[in-house]
Amino acid sequence: MRSIDLSVADMRLWGMSLALADIFAARNTIAGVAADTPLVPSPFLSGLAGAEVLLKLENTQPIGAFKLRGAMNAVANLPEGAAGVSCCSTGNHGRGVAFAAKRAGLRAVVCMSSMVPKAKVDGIRALGADVQIAGASQDDAQAESLRLCESDGLVEISPFDDPFVIAGQGTIGLELLAERPDIQTILVPLSGGGLAGGIALAAKTIKPDISVIGVSMDRGAAMHESLAAGGPVEVTEVASLADSLGGGIGMDNRHSYALCRDYLDDTVLVTEEEIYAAMQALYFEDRIVAEGGSVVGIAALMTGRISAPKGPVAMIVTGRNCDMGVFTTIMTGGDVRLGDTIVKGKRYGA
Ligand SMILES: *Cc1c(COP(=O)(O)O)cnc(C)c1O
């Protein structure tokens, strides 16, 4: 279904800024496919935080991650006559774009670096998209995607710096406050900032005194470094348990940087060992399978890097698309090799 949404279309043409109305429009566009995931209490995390903690289960989306929201909204708003879509991805955006393009009967090409785990590559191929492995970083994958757009007349859909994508991710903020208007703090895994920027725009427009905190891994945290530097900076991409949080924000970032700068209250970093322990805790305490990038907020609470947050706290569990071999290793306390480093294993509760 193609929704006619003049305000967002005009915005793309004239570079105007995104507004709450665009997020409500996205909600209508994605309804019935990518909306209304469960919000469930976590007694374990509530005990740790000293405040009620609610988990927004985006791992229950049809593609196993929230990125379906932005991808559905972007594909529904493509310019007339587009031959298909292309994107670069650390895995989940590609899965969302592949799913949305298939539904719309459009060709999809997904460009990924050789760092993307096989489970994610396979998931995207299974949805019928054409996968291109290009180079060893997100920047290489991005360059390949742009080249294909030129040569094949495809439309590029950025994983985080596209107004329609950001509006789609922002629908999570609407759902949170519709269900629990008393939420005081939202913890959001942060990479390119489409998710955190969209949620913060929605939540702060509706409830200005709410806190929204972005959490990233401590190695290659592009948005955190960029905010500290006062503008987009390059980061070195290294292998991480939070593989979906890798990559830069783009030196020519147009939307997500400004949203994060204007709307996020803070950004916090966690280590690989802390992500490892948080994946275990979420599984053993709450029986939830989540990928590393999804549990950084949980790691921040467990380590006290975020302490005494004002409750109720909403935590976005962003996805479940981990390599199950690695997941099983972590659950049984084994060591995990990441590039040239090893995350030392430990049995949960030992
Ligand atoms: C993409 C992604 C994020 C981060 O979203 P950004 O909009 O890039 O900040 C977090 N978790 C998962 C599982 C993702 O796939």
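These legends describe close-up views of a predicted model.

**View 1**
The shell around the ligand holds 15 residues. K67, S191, G193, L195 and T318 come nearest. Sorted by class, the shell has eight polar, five nonpolar and two charged residues.

**View 1. Polar atoms facing the ligand oxygens.**
N92 uses its side chain here: one of its N or O atoms is 2.9 Å from an oxygen atom of the ligand. G192 takes part through its backbone, with a polar atom 2.9 Å from a ligand oxygen. For G194, a backbone N or O atom lies 2.9 Å from an oxygen atom of the ligand. How much of the ligand does the protein cover? On its own, the ligand has 380 Å² of accessible area, and the protein covers 98% of that.

Which cavity does the ligand take up? The ligand's space is the largest cavity.

**View 2. Cysteines without disulfides.**
The structure has zero disulfides. Take C88, which is in no disulfide. Its nearest cysteine sulfur belongs to C87 and is 6.7 Å away. Is C88 buried or exposed? C88 is buried, with a relative accessible area of 3%.

C260 is in no disulfide either. The nearest cysteine sulfur is that of C88, 17 Å away. C260 is buried, and its relative accessible area is 1%.

How values were computed:
Residues numbered from 1 in each chain as written. Predicted model: local features only at pLDDT ≥ 70, side-chain atom pairs only at ≥ 80, totals over all residues. Heavy atoms only, no water. Near = heavy atom within 4 Å. Polar contact = N/O pair within 3.5 Å; in protein donor to acceptor, adjacent residues only side chain to side chain. Areas by Shrake-Rupley, 256 points an atom, 1.4 Å probe, with all protein chains shown as cover. 1 Å grid on protein atoms, 1.4 Å probe; cavity = no way out; pocket = protein on both sides within 12 Å on 5 of 7 lines; lining within 4 Å. Sits in = over half its atoms within 2 Å of the grid points. Nonpolar A, V, L, I, M, F, W, Y, C, P; charged D, E, K, R; others polar. Disulfide = S-S within 2.5 Å. Buried < 20%, exposed > 50% of the residue type's maximum accessible area, 1.4 Å probe, protein only.
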